[in-house]
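Hi,

Here is the structure I promised to pass on to you.

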Amino acid sequence: MTAFLDARSLPAGTSLTPDLAIVGGGPAGIALALSLADSGHDILLLESGGRAFDSLTQAMYRGSESGISYVALDSGRLRFLGGSSNHWGGWCRPLDAIDFERRDWIPASGWPFGIEELKPYFPRAQELVEAGPWLYDSAAPELAAAGTVLPLAPGGIYTSWFQFSKTRDSVLPTYFGHRYGDDLKRAAKITPLLHANVTALRLAPGGAHVQRLDVATLTGNHLTVTPRFTVLACGAMENARLLLASNDVIKPGIGNQNDLVGRYFADHPTPREVATLVLFDGGLAPFYVNNTPLKNGAIVLAALSPHAQFARSQRVAGSLTTVENPVELDELGTAAVVATSQALGVDASNAKAWSLGCGMELMPDPDRRLTLTGEKDALGLPRLKLEMRISDADFAQYRRTLVELGRQLLAARLGMVRINPHDPHQAMDWGNHHLGTTRMSEDPKNGVVDAQARVHGVDNLYVAGSSVFPTYGSSNPTMNLIALTLRLGDHLKKAMA
Ligand SMILES: Cc1cc2nc3c(=O)[nH]c(=O)nc-3n(C[C@H](O)[C@H](O)[C@H](O)COP(=O)(O)OP(=O)(O)OC[C@H]3O[C@@H](n4cnc5c(N)ncnc54)[C@H](O)[C@@H]3O)c2cc1C
């Protein structure tokens, strides 16, 4: 077993020449390295942090913000081996087929390929996040044994499923650095290099080829890496930052000839208490309320999601509505339940209510963006500024989904939904799902990377992670970005051959 290398203790000026340099040791970087472990190529995995949190390294993630209130740039991500998986929640769900489509009511939407491209990689991605057997949207007997799915009347909303990542020995999610550290060390052709901050990508004259990477440590050591191929896997904020800051040959930054790097940033807003769900008979299966372990080892939670057909006809974006907490109805709510149940002729004497929350897909917005500032971090890299925005249209679309849920409950004489007005400018939770800053498109005018995740115009530079998602869906990104990264691994095997 080889040890991790520490960039701080390599001789100053060391020059490394791997076949592939992977910049960033989070879920994307680790999944990619492991997928290429037996490819016969020398893989260098450069990770800024060590194996544990360190405040000086983390401070390089600091940045500033304008627009609506958002998570501080150094709070919503972690800078050490395993990346943000060191505090992720482990929620997993594949993207839906419609997320890949060009939706004419969603500007700049659509991927260069459909979900079929990712399907072959989902089983391994699911294995890496350790979320158990693949049950999403299935009618598996284990789900049926755990309770009854809400018998909504036919319509636009259906019960879909989250699954949860867990380590083998506990219910904590899989922390990639911790879980796969030994696998990285065991792989003869992978060299994991810790405390190695890539500070610049140096292009050859002409700008079509990455010649070398500058690497620095916080202790003042400097190294160079001259790889045949490079993959940026630093998370969606830092991928954009490194491209923008590497601007000595291409002035607007690498891949930024069309002013797209850092634009279209997105996250999933998770507004709470968006509505109240009332069920007249008070019966709700436990898997709607709590993460529920099944006999086959999976842990599931039900969510209410719009069908593709409904999304198309009603022109709504993706959303995953979840049941939050039991709530007491106020007088007005009680009166509404009495009046509605009487009108329907159903007994509501055992009615119960729950608050609903959701994870929403945002419209792509080029002005929701990351830019460089004049302020620098400890290694001289310009810090980021985020302009965060959300539009009333995002909420208006989601309200149409809630209205449909209410209609289906009434039509089934099951219950009702009371929608709460939501002010987008009030404090809101976020998924910390950073998306979209190096979007994928076959047309360089619309995307930073092509359908293989290669940066347009640079023959040996690729980007891994959710920064390449051109439209976002409402699913949690990590299992999906791993599937996409495994697909990139297959491409690189051929490219490096
Ligand atoms: C609180 C929280 C909860 C979350 N919950 C969920 C969830 O339930 N489900 C879900 O799907 N997702 C969740 N996420 C998001 C999830 O963590 C990310 O999608 C995932 O970690 C992204 O993986 P990545 O490898 O692309 O990037 P990262 O995890 O950000 O990893 C990037 C790596 O690159 C390294 N790096 C950065 N800059 C450099 C540099 N210049 N040189 C060298 N190395 C560098 C970093 O140290 C880091 O290790 C959550 C995130 C947070 C913060």
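Below are my notes on the ligand site and on one helix pair.

The model is predicted, so local features need pLDDT of at least 70 and side-chain atom pairs count only at pLDDT 80 or more, while totals for chains, interfaces and linings use all residues. Residues are numbered from 1 along each chain as its sequence is written, and side-chain values use heavy atoms, with hydrogens and water left out.

The ligand is surrounded by 37 residues, counting those with a heavy atom within 4 Å of it. A28, E47, S84, W91 and T478 are the closest. By class, the shell holds 18 polar, 16 nonpolar and three charged residues (Ala, Val, Leu, Ile, Met, Phe, Trp, Tyr, Cys and Pro are nonpolar; Asp, Glu, Lys and Arg charged; the others, Gly among them, polar).

Backbone N or O atoms also sit at the ligand: one of W91 is 2.8 Å from a ligand nitrogen, one of G89 is 2.9 Å from a ligand nitrogen, and one of G90 is 3.1 Å from a ligand oxygen. The protein buries 93% of the 1000 Å² that the ligand exposes when taken alone (Shrake-Rupley, 1.4 Å probe).

At least two shell residues come from each of α1 (27–35), β9 (197–203), α6 (236–245) and α10 (478–496); these are DSSP runs, H or I of at least four residues for helices and E of at least two for strands, numbered from the N terminus.

α1 also packs against α5 (residues 176–186), at about 20 degrees and with axes 11 Å apart. The two helices are therefore roughly parallel (angles under 35 degrees, between N-to-C directions of axes fitted to C-alpha atoms over the stretch in contact).

Best wishes

Conventions. Polar contact = N/O pair within 3.5 Å; in protein donor to acceptor, adjacent residues only side chain to side chain. Axes fitted to C-alpha atoms, helices over the stretch in contact; angles between N-to-C directions. Parallel < 35°, antiparallel > 145°, perpendicular 65-115°, else oblique.
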